Amino acid sequence: MITVKTFINNPLDENTYVVSDASRQAVIIDCGALSATEREAIRQYVLQESLQPVLFLLTHGHFDHIFGAQWVSDAYALSPAMLEPELPLYQKGCRQLHEMFGTHLQFPVPSPGKMLHHGDTLIFGHRTALHVIATPGHTPGGCCYYIEGPDPMVFTGDSLFKGGIGRTDFPGGSAAALKDSLTSRILSLPPATTVYPGHGAPTTINAERNSVFL
């Protein structure tokens, strides 16, 4: 059985996920925890559930999804894995924030870990497999993580939301690429697949197939 715990972090209400199976090994996806209070909530959950974080994954490198990257690295000795085209964006997190909002906030990010590719499979716990699905469009190296099984789920970052898709007007964005990514690679997943987006409430593939935004 897969357990998903959601933490809503920072002023942009970003979703950070801690995903675990019965082995108690866990994966942290998109840590946007900015404040000490947000980070402590994650730490307490990991302690209380006796979890062992073994993977740290990014769906993309926008600043609101990486505020807590250095903290994860320091707390659990994990480096963030991402698609290689996302690396330049990840490495200029502070500049992104200034360019988009005019905000001068300095926050460190750790050295990146494994560079992922479309079609990779990452294993943790009791042979739980996360399938890497490249979904460029919101950002050049955006991706999703899909877990098969009786209760399939996909972590879509800012590519797909409940009733909407990610913005494509930021540098490196492409509306055509994102729509192609979603229609060919994500909306083709089993209809009952739960979608865990980077912001907002969960949804399902079936619900998003039936929406009109594409």
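This is a short chat about a predicted model of one protein chain.

Visitor: What helices and strands are in the protein chain?
Guide: The protein chain has six helices and 14 strands.

Visitor: And why does a radius of gyration of 16 Å agree with a compact globule?
Guide: Because a compact globule of 214 residues would come out near 17 Å, and the protein chain has 16 Å. Its C-alpha atoms fill a box of roughly 45 × 40 × 25 Å along the principal axes.

Visitor: How much of the chain counts as buried?
Guide: Of its 214 residues, 50% are buried. The accessible surface is about 9,300 Å². Carbon and sulfur atoms hold 54% of that surface.

Visitor: Switching to strands. How many residues of E2 are buried?
Guide: Seven of seven, across residues 14-20.

Visitor: Which way do they point?
Guide: Glu14, Thr16, Val18 and Ser20 point one way from E2. Asn15, Tyr17 and Val19 point the other way. Both groups are buried.

Visitor: Which strand does E2 join by seven bridges?
Guide: That is E1, residues 3-9, and the two run antiparallel.

Visitor: What about E3?
Guide: E3 covers residues 25-29 and pairs with E2 over four bridges, also antiparallel. Val18 has Ile28 in E3 as its bridge partner. That hairpin has four residues between the strands too, and Arg24 takes a positive phi near 80 degrees.

Visitor: Last one: how far apart are the mean positions of the positive and negative charges?
Guide: They are 1 Å apart, for 13 positive and 19 negative charges.

Terms used. Residues numbered from 1 in each chain as written. Predicted model: local features only at pLDDT ≥ 70, side-chain atom pairs only at ≥ 80, totals over all residues. Heavy atoms only, no water. Rg over C-alpha atoms; globule rule 2.2 N^0.38 Å. Buried < 20%, exposed > 50% of the residue type's maximum accessible area, 1.4 Å probe, protein only. Areas by Shrake-Rupley, 256 points an atom, 1.4 Å probe, with all protein chains shown as cover. Lys, Arg positive; Asp, Glu negative; His and termini not counted. Charge placed at Lys NZ, Arg CZ, Asp CG, Glu CD. Pairing = 2+ DSSP bridges.
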